[in-house]
Amino acid sequence: MEERLAYHSSFVTIRTPAIHTRAPQVRALMILGRHQQTTARPSLIVTGPAAAGKTTALLNVGRTCHLAHSRKNPPPPGSAHAAVPVAYVLVPPGATAKTLVTEFARYLGIPVAARMTQTQITDAVCHTYTHAGVQLVLIDFTDRP
């Protein structure tokens, strides 16, 4: 937990127009998502040309959400496992569905054997993300090889 907080706290981010615009949109979607029971949770897709600041905006939103959650929900004293409110996954170009879910597993350190099916990996990821308290998943598709 401390390593993750140290990592997120070390960012120096300039509030560009993209970040300024996206942060309230993401906050609103997260509030809506908390109360969504019957359908898929709201999502946001950030698109734009290369070097427009999409990844920076995503990382800033993730950092803000993580720090806000940590302030509101400090881990109990002596807790071995703190909540992980934000997950960030960088998806390589040409990724398959199995590659994507494997990247999700890698983020939280879920061991994935080559013989595991996509369904088995997905089940493990969903269980672990729920147990870890993940509230926001950031998926960053890279177009660079």
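1. Let's start with the surface. The chain exposes about 9700 Å², and carbon and sulfur atoms supply 59% of that area. Accessible areas here come from the Shrake-Rupley method with a 1.4 Å probe, and for residues only the protein chains shown count as cover.

2. A word on what you are looking at: this is a predicted model, in which local features need pLDDT of at least 70 and side-chain atom pairs count only at pLDDT 80 or more, while totals for chains, interfaces and linings use all residues. Residues are numbered from 1 along each chain as its sequence is written, and side-chain values use heavy atoms, with hydrogens and water left out.

3. Now the layout. The chain has 5 helices and 2 strands, and from the N terminus on they run α-α-α-β-α-α-β. Both kinds of element are DSSP runs numbered from the N terminus: helices are H or I with at least four residues, strands are E with at least two.

4. How much of the chain is buried? Buried residues make up 26% of the 145 residues. The word buried means under 20% relative accessible area, exposed means over 50%, and partly exposed is in between (1.4 Å probe, protein chains only).

5. Helix α4 deserves a visit. Its buried residues are V101, T102, E103, F104 and A105, and their cover includes β1 (86–91), α5 (118–132) and β2. After α4 comes G109, with a positive phi near 75°.

6. A search of the whole structure finds 1. The partners are E103 and R106, with their closest N and O atoms 3.1 Å apart. Both lie in α4 (residues 97–107), 3 residues apart, about one turn of the helix. E103 is buried, at 18% relative accessible area, whereas R106 is exposed, at 54%.

7. Next, the inside. A nonpolar core is a set of buried Ala, Val, Leu, Ile, Met, Phe, Trp, Tyr and Cys residues joined through side-chain atoms within 4.5 Å. The largest one has 14 residues, and those with the most contacts inside it are V89, F104, A105, I121, V125, Y129 and V134. At least two residues come from each of β1, α4 and α5, with α5 giving the most, 4 residues. Apart from this core lies another of 7 residues, including L58, C65, V86 and L138.

8. Which aromatic residues pair up? F104 and Y129 do, edge-to-face, at 6.0 Å centre to centre and 75° between the planes. The rule is that rings of Phe, Tyr and Trp (its six-membered ring) pair if their centres lie within 6.5 Å; planes under 30 degrees apart count as stacked, over 60 as edge-to-face and the rest as tilted. F104 lies in α4 and Y129 in α5, so the pair ties together parts 25 residues apart in sequence.

9. At 12% relative accessibility, H69 counts as buried. Leaving aside its neighbours within four places in sequence, H69 is in contact (heavy atoms within 4.5 Å) with A83, P85 and Q135.

Conventions:
A salt bridge is a side-chain nitrogen of Lys or Arg within 4 Å of a carboxyl oxygen of Asp or Glu.
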